[in-house]
Amino acid sequence: MGAFAGKRIVLGVTGGIAAYKAAELSRLLVKAGATVDVVLTQAGSEFVGAMTFQSLTGRPVWQSLWDDRMSNGMAHIDLTRGAAAVLIAPATANVLAKLAYGVCDDLLSTLCLARDCPLLVAPAMNRQMWENPATQRNMVLLRHDGVKILGPATGDQACGEVGDGRMLEAEAIFDELYAFLQPKLLAGKRVLLTAGPTFEPIDPVRGLTNSSSGKMGFALAQACVEAGAEVTMVAGPVMLPTPHNVMRIDVQTSAQMREAVLKNLPGQDVFIGVAAVADYRPKTVSAEKIKKNGKSLTLLLEATDDILGEVATRLDAPLCVGFAAESQHLETYAESKRKAKKLALVVGNLVQDGLGGETNRVTLFDATGAYPLPPAKKIIVARGIVAHLASLMEKCDGKPYANH
Ligand code: PMT
């Protein structure tokens with residue numbers, strides 16, 4: 001079943017060259033199962049014709065406030081009733097100004113004022129128009145009114161200038177809309193998680209680390225935000241961009257990760273250990289670069305503290321989720337980690353499936369059994385983990401979480 005199955009989206013297309021990307025966006029939405037009703041402004045139709053959208057969506061395109069195809073003649077009311085969202089892409093400076101001030105002088109602006117569903121806009125304009133104080137003032141008003149702003153991106157513009165104001169690519173808008181429409185399963189909850197590898201120094205230039213990319217942890221942080229949680233992420237050394245609305249704390253070593261976790265633990269409802277934390281670190285760190293002398297070198301390692309184990313056994317422990325990365329015997333090892341660390345949930349993955357890449361295949365282990373999720377992109381897997389986590393929390397029904 002498509003990601004948008006059963007959902008109807010009203011796609012507003014206004015007059016900018018990025019209107020050509022709206023054609024691709026409507027195709028992606030239809031392919032994902034959405035019913036797409038395109039509302040094309042007069043200026044939008046100067047860039048892309050109604051026939052293009054009609055062919056791509058298989059539905060009539062709406063262009064006029066006076067369109068009499070609705071039996072009651074009220075397209076500006078009926079089009080948004082039952083819709084999951086109105087999305088305007090591209091949204092010109094003109095339509096943003098109209099939305100900010102409640103001007104309704106055509107079908108699109110009028111239905112936005114009359115809507116009873118969320119509104120998302122993907123601005124697209126020349127960088128000077130975007131930076132103009134009038135536009136920026138309008139964006140403040142729109143944000144204040146609860147309108148979700150997607151982008152804009154930075155880069156080459158059709159006018160030949162370079163800067164902010166490019167519309168996001170169709171695929172990015174699709175992903176943002178999908179994320180926005182996720183059920184708010186963790187509304188009001190606070191989630192603390194770790195992500196990425198740690199780096200344990202040997203000397204000023206060398207250290208011990210592993211190949212965790214941080215992608216799984218960052219995807220889980222994003223999925224928790226999408227589900228309505230307030231998220232704090234303690235991240236080891238990775239170069240990934242921070243997911244929107246995530247409070248990120250960067251650390252290097254397992255000791256720094258432990259310190260950041262313990263400092264941010266009070267008041268959290270959930271702790272998730274996605275990080276591949278070093279189990280051992282050099283017992284001493286050389287202050288100077290170790291010189292080579294052609295002979296073998298012995299490093300003495302000492303065990304690091306187990307952050308997840310320590311959190312889970314506290315009297316005030318939040319609901320704890322661990323990850324288990326194994327190269328074999330996933331079920332046996334993951335289950336024994338769950339029991340040994342007294343965790344409510346363990347997400348088991350084989351390193352060959354999950355480490356470093358864009359996709360993962362995981363099995364969820366809790367006190368009631370093992371639940372495999374289908375292999376998928378990490379953000380999709382993360383949403384599956386969040387759904388399972390939310391169902392475990394619901395079972396607690398306000399009582400303290402039981403990590404066992
Ligand atoms: O980052 P990616 O490239 O996207 O890869 C994702 C991943 C494979 C790293 C991730 O899916 C994963 O499996 N993370 C846990 C890796 C791991 O260290 O597993 P473990 O079996 O060694 O540790 C078990 C649990 O204890 C983990 O939740 C870990 O965060 C935690 N731990 C381990 C050691 C330690 N000193 N402190 C800890 O908190």
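## What covers helix 9?

What covers the buried residues of helix 9? Before the answer, one caveat: this is a predicted model. The cover over those residues includes strand 1 (8-13), helix 1, strand 3 (85-91), strand 4 (119-123), helix 10 and helix 15. The residues being covered are A170, I173, F174, L177 and A179.

A bit of helix geometry is handy when you look at that list. An α-helix has 3.6 residues a turn, so residues three or four places apart point the same way.

## Two domains

The chain splits into domain 1 (8-180) and domain 2 (190-396). Taken over C-alpha atoms, the centres of domain 1 and domain 2 sit 39 Å apart.

In soluble globular proteins, nonpolar side chains tend to be buried together. Here the largest nonpolar core has 40 residues, and L186, V191, L220 and I272 are the ones with the most contacts inside it. Several elements give two or more residues to this core: strand 8 (190-195), helix 10 (215-226), strand 11 (230-235), strand 13 (270-273), strand 16 (319-326), strand 17 (345-350), strand 19 (362-366) and helix 15 (378-396). Helix 15 puts in the largest share, with 9 residues.

Skip its neighbours within four places in sequence, and L220 is in contact with L193, I272, V274, F323, A382, I385 and V386. There is also a second, separate core of 35 residues, and L25, A50, F53 and M167 are among its members.

## Helix 6, a mostly covered helix

Helix 6 (residues 107-114) is mostly covered, with 7 of its 8 residues buried. Those seven are L107, L108, S109, T110, L111, C112 and A114. They pack against strand 1, strand 2 (35-40), helix 4 (75-78), strand 3, helix 5 and strand 4.

Helix 5 (residues 93-101) is where you'll find K98. Is K98 buried or exposed? K98 counts as buried because its relative accessibility is 11%, under the 20% cut-off. Leaving out residues up to four places away in sequence, K98 touches V103, D105, D106 and S109.

With D106, K98 also makes a salt bridge, at 3.4 Å from N to O. D106 itself is partly exposed, at 22% relative accessibility. Now look across to Q42, which sits in helix 2 (residues 42-47). Q42 and D106 are 64 residues apart in sequence, but their C-alpha atoms are 8.9 Å apart in space. Q42 is exposed, with a relative accessible area of 58%.

Side chains of opposite charge can pair when their charged atoms come close. How many salt bridges does the model have? The count comes to 25.

One of them joins K21 to E169, with the closest N and O atoms 3.2 Å apart. K21 lies in helix 1 (residues 19-31) and E169 in the loop between strand 7 (162-166) and helix 9 (170-180), so this pair ties together parts that are 148 residues apart in sequence. K21 is buried, with a relative accessible area of 8%, whereas E169 is partly exposed at 42%.

Another pair is E161 and R127, whose closest N and O atoms are 3.2 Å apart. E161 is in the loop between strand 6 (153-156) and strand 7, and R127 is in helix 7 (residues 127-131), so the pair links parts 34 residues apart in sequence. E161 is partly exposed at 30% relative accessible area, and R127 is partly exposed at 24%. There's a network too: salt bridges link R8, D37 and R59.

Y280, L297, L299 and L301 make a nonpolar surface patch of about 400 Å². Where does L299 lie? L299 is in the loop between strand 14 (280-282) and strand 15 (301-303). With a relative accessible area of 37%, L299 is partly exposed.

Definitions and conventions: Residues numbered from 1 in each chain as written. Predicted model: local features only at pLDDT ≥ 70, side-chain atom pairs only at ≥ 80, totals over all residues. Heavy atoms only, no water. Core = buried A, V, L, I, M, F, W, Y, C linked by side-chain atoms within 4.5 Å. Buried < 20%, exposed > 50% of the residue type's maximum accessible area, 1.4 Å probe, protein only. Helix = DSSP H or I, 4+ residues; strand = E, 2+ residues; numbered from the N terminus. Contact = heavy atoms within 4.5 Å. Patch = residues over 30% accessible without salt bridge, like charges linked within 9 Å, V, L, I, M, F, W, Y side chains within 5 Å. Areas by Shrake-Rupley, 256 points an atom, 1.4 Å probe, with all protein chains shown as cover. Salt bridge = Lys/Arg side-chain N within 4 Å of Asp/Glu carboxyl O. Domains from an automatic or database assignment.
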